[in-house]
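These are my notes from a first look through one structure.

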Amino acid sequence: MREEQAQAPVFLFLLLAIAAAARFLLQISQMPPYAGLDEIYHVARLAFVREAGRNPRSNEPSIPIYLERSIRQESGQQPAFGVIGDRWPEVVASGARPAAVVPAELDRRPGSLTNYEAQHPSLYYTLAAYAAARGRSDLSDLRAWRLFSLPFAVIAALAIGWIGWRTSGRAGILAAAVFVTLPTWTTIVAKASNDALACALMAIAFAISHAAPRRRAGWILEGLAWAAALAGKLYAWPLSAVLPFLWWKQKAPRARWISVMSIGAAGFALTVFDLYHRTGNPLGLFAFDRVADAAKPVATDWATAFKTIVLTFAWTSGPHWNALTATGLALFMLPLIVLAVIGVIRTPRSSLAIVWVTALLFAFAQSVKFAAYLRSARVAGLSLPAGGKEGWYWYTLAPVFAGVLLAVILRKRWIAVAFVAWVLLWDVMLTENALFRDYRGVTSPAARSALVRWGSSGRVGADMAIGPWSGGAIALRGIHVLALIAIVSLPQKERKAAG
């Protein structure tokens, strides 16, 4: 293991970076305005921070007027895919098109709406707001903030690949390349939001801990990395809880425990203070705010909540909820289940324990979050909670699931080739033939296909992409596919997993 670690396959990491960058750029290039899930609310917070010089409180109006008009879907305003949702095909058919607008100074001021994205830690918004100077228009601002996420998304892929390389050699780099090809992972990181930075910080922090640094300088770096990860987004907190188990497994010296926990605790305390100061509760999430007891408890729609978790784990397609059909879900999930079984059988117990502990801790955290949202929903008289049922959050555990488990699975050449082919097939089918058609406004729930719930309506679509490089989709996809094929084609060495 030490010999192979000393000869890092730089060329393979370069191919991984190329594959990841091309795939993420493909996604960014084709997206209409504010199509990245809750993107318009992330942009609203960024715009507020840039203008006000501080992060907003959760109870203060902080959405700029020009973005508020798009959220309200007022006539003549920028069409916001993530807000319009099911009516997007109608909006496209009506002739509405993205057009660069320079907001008046008065329109950059906050309107009357509060922003639920104020519940997140401030690190990303402070960095991104000042990293991108005010653009020439609202669309240039959006492009700049999307591109700000790109290097962090690539860094996350490289860090995952490095973990995988330590675990299983070159097969681990392939595992990272395959994982970042999954369309749900791309949806998470390729947009203007705090996810790309948060995922990169988590991957870097776990990579350092996985390497088991032996000197004090390494312990300080490990502590700083985890402090930054904890300040990135709340879904890093369950992963950090794995550290004591990992240190025990590595027989880490007490000095390392003390160093990392001290630095990490300091960063954690600052993050909690910021959240409490701005939102009124130490977790920030409005679901944990104090609420009155419900006068008439409402029955929870458990079936829909569970279905949402499963469907958004399989594929996060955006506000259309153009989810997989039962047939599509079975075809997508069956190979994953088979691979998971193979992974459990082939992965050494020491590495498999990390996977199980991580999964259990994250499942517990998600259950607590769901319970909090469920309480808020019942008070509001709703049968379905507003949050806590997002299956895509499990993809943030890529440093463990891809870097440890999948890296071991793909050591067998035939499995690697078959899995790459399977992932590419699904990525092309879902992205090119479903998601990008959604973006062009040519899909409809009335034309359900065998795989997705929104099939082609037969309408002539429109180019709603705002780029950059919206005309380079074929080239970007070609680069991504060729880089992935090159990684799987190069020889892979079989060896024992790293401890």
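**Entry 1: the largest pocket**

I looked up the largest pocket and found a space of about 1100 Å³. I noted that 41 residues line the largest pocket, and that Lys369, Tyr373, Gly387, Glu390 and Tyr393 are the closest to its centre. The model is a predicted one, and I read each value here with that in mind.

Next I checked which elements give two or more residues to this lining, and listed α3 (39-52), α5 (81-84), α13 (236-240), α16 (302-314) and α18. Which of them gives the largest share? I found that α18 does, with seven residues. Sorted by class, I have the lining of the largest pocket as 24 nonpolar, nine polar and eight charged residues.

**Entry 2: the second largest pocket**

I put the volume of the second largest pocket at about 830 Å³. Its lining has 24 residues, and I wrote down Phe313, Leu336, Ala340, Phe401 and Leu405 as the closest to its centre. The elements that supply two or more residues are α16, α17 (326-346), α18 and α19 (398-409). I saw that α17 provides the largest share of the lining of this pocket, seven residues.

How do the residues of this lining divide by class? I have 23 nonpolar, one polar and no charged for the second largest pocket.

**Entry 3: α16 against α17**

Both helices had come up in the lining of the second largest pocket, so I turned to how they pack. Two packed helices are described by the angle between their axes and the distance between the axes. I found α16 and α17 packed at an angle of about 75 degrees, with 10 Å between their axes. An angle from 65 to 115 degrees counts as roughly perpendicular, which means that α16 is roughly perpendicular to α17.

From α16, I listed Val310, Leu311, Phe313 and Ala314 in the contact; from α17, Leu329, Phe332, Met333 and Leu336. By class, the residues of this contact of α16 with α17 are eight nonpolar, no polar and no charged. I had already noted Phe313 and Leu336 among the residues closest to the centre of the second largest pocket.

**Entry 4: cavities**

I followed up the second largest cavity, which holds about 30 Å³ of space. Its lining consists of His210, Leu246, Lys249, Ser350, Ser351, Ile354 and Val404. I noted that α14 (243-250) and α18 (349-379) each give at least two residues to this lining. α18 gives the most, with three residues. By class, I recorded three nonpolar, three polar and one charged for the lining of the second largest cavity.

**Entry 5: α2 against α21**

The axes of α2 (residues 10-30) and α21 (residues 473-489) come within 8 Å and cross at roughly 155 degrees. Angles over 145 degrees count as roughly antiparallel, so α2 is roughly antiparallel to α21. I noted the crossing of α2 past α21 as left-handed.

On the α2 side the residues in contact include Leu12, Leu15, Ile18, Arg23 and Gln30. On the α21 side I picked out several, among them Ala473, Leu476, Arg477, His480 and Ile487. I sorted the residues of the contact of α2 with α21 into 15 nonpolar, three polar and two charged.

How values were computed:
Residues numbered from 1 in each chain as written. Predicted model: local features only at pLDDT ≥ 70, side-chain atom pairs only at ≥ 80, totals over all residues. Heavy atoms only, no water. Axes fitted to C-alpha atoms, helices over the stretch in contact; angles between N-to-C directions. Helix = DSSP H or I, 4+ residues; strand = E, 2+ residues; numbered from the N terminus. Parallel < 35°, antiparallel > 145°, perpendicular 65-115°, else oblique. Left-handed = near helix turned anticlockwise from the far one by under 90°. Contact = heavy atoms within 4.5 Å. Nonpolar A, V, L, I, M, F, W, Y, C, P; charged D, E, K, R; others polar. 1 Å grid on protein atoms, 1.4 Å probe; cavity = no way out; pocket = protein on both sides within 12 Å on 5 of 7 lines; lining within 4 Å. Points joined across faces, edges and corners; volume = space filled by probe spheres on them.
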